[in-house]
Amino acid sequence: MPIDAGSAAGPLSQAEAAAAFASVLAAHDPFFDHEVQRPQGRLRSRCYAAAMPVPDVLVSAVRAVVFRGPRVVVVSESDGTRHVMAGGRREPGESQETTVRRELLEECGWHVGELRPFAILHFQHPGPTPPSDWCDFANVIYLAEATRYDRRALDATQGKVGSRLMSAKAALGAVTDRHRAILAAALSARRTARAGS
């Protein structure tokens, strides 16, 4: 049975889906494993370079590493942090594809072609007593090729978020360690996809 399928009683709850997804994750090794302290408690994030099925109820946000030829879109946040995972939270009832295409336009102004999932970013509270309203969640990360830029599509309410195209080499030097690992995984997945086509 697919991990996001429901029973005769109805669809899986978020907790049931997280438990089922844990067995899928156990078959893969993350390429980074990081913990931070947040007001709600510790948060552990692990990233897996695999296009694995994620229960839809666990997908809180959808992101993409966007290429334009040999260059990659690098997003700059208002605090000066740079990263390569444009995207954001899903709106109620939105598909993953609709979310990532909308977010890429609002945040970066880029229309993209085919979306290919290549990684999963999984979050969970590692402590014995996670907050009562907490459950595991995931971000699906896609590879995308930019097709057309539309400055008018940018959402001014995104604050001081900006983006620019950089060579992969420059981007690897400009982003944080975790995003460097994600970009390296994206470059590898892109090479593999090109070799297979």
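Student: How many salt bridges does the structure hold?
Tutor: The structure holds eleven salt bridges, each being a side-chain nitrogen of Lys or Arg within 4 Å of a carboxyl oxygen of Asp or Glu. This is a predicted model, where local features need pLDDT of at least 70 and side-chain atom pairs count only at pLDDT 80 or more, while totals for chains, interfaces and linings use all residues. Residues are numbered from 1 along each chain as its sequence is written, and side-chain values use heavy atoms, with hydrogens and water left out.

Student: Okay, what does Arg102 form a salt bridge with?
Tutor: Its partner is Glu91, and the closest N and O atoms are 3.9 Å apart. Arg102 lies in helix H2 (residues 96-108) and Glu91 in the loop between strand S6 (86-89) and H2, so the pair ties together parts that are eleven residues apart in sequence. Helices (H or I, at least four residues) and strands (E, at least two) are DSSP runs, numbered from the N terminus.

Student: Is Arg102 buried or exposed?
Tutor: Arg102 is buried, with a relative accessible area of 18%, whereas Glu91 is partly exposed at 41%. Buried means under 20% relative accessible area, exposed over 50% and partly exposed in between, using a 1.4 Å probe and protein chains only.

Student: Which side chain meets Glu97 in a salt bridge?
Tutor: That is Arg101, at 2.9 Å from N to O. Both residues lie in helix H2, four residues apart, about one turn of the helix. Glu97 counts as partly exposed at 45% relative accessibility, and Arg101 is also partly exposed, at 27%.

Student: And where do Asp177 and Arg180 sit?
Tutor: They are three residues apart in helix H4 (residues 177-196), separated by about one helical turn. Asp177 counts as exposed at 59% relative accessibility, while Arg180 is partly exposed at 30%. Elsewhere, salt bridges that share partners join Glu91, Glu94, Arg102, Glu103 and Glu106 into one network.

Student: Switching to the inside: how many residues has the largest nonpolar core?
Tutor: It has 30 residues, and those with the most contacts inside it include Phe21, Val54, Ala64 and Leu104. A nonpolar core is a set of buried Ala, Val, Leu, Ile, Met, Phe, Trp, Tyr and Cys residues joined through side-chain atoms within 4.5 Å. Among the elements that each supply at least two residues of this core are helix H1 (14-25), strand S3 (59-68) and strand S7 (110-124). Apart from it lies another core, of 25 residues, among them Leu43, Leu121, Met166 and Ala168.

Student: What does Ala64 touch?
Tutor: Not counting residues up to four places away in sequence, Ala64 touches Val84, Met85, Ala86, Val100, Leu104, Ile141, Tyr142 and Ala144. Contact means heavy atoms within 4.5 Å.

Student: How many aromatic pairs are there?
Tutor: Three. Rings of Phe, Tyr and Trp (its six-membered ring) pair if their centres lie within 6.5 Å; planes under 30 degrees apart count as stacked, over 60 as edge-to-face and the rest as tilted. One of the pairs is Phe31 with Phe32, which is edge-to-face at 5.8 Å centre to centre and 90° between the planes.

Student: Why is the pair of Phe123 and Phe137 stacked?
Tutor: Their ring centres are 4.7 Å apart and their planes are at 15°, so the pair is stacked. Phe123 and Phe137 are both buried.
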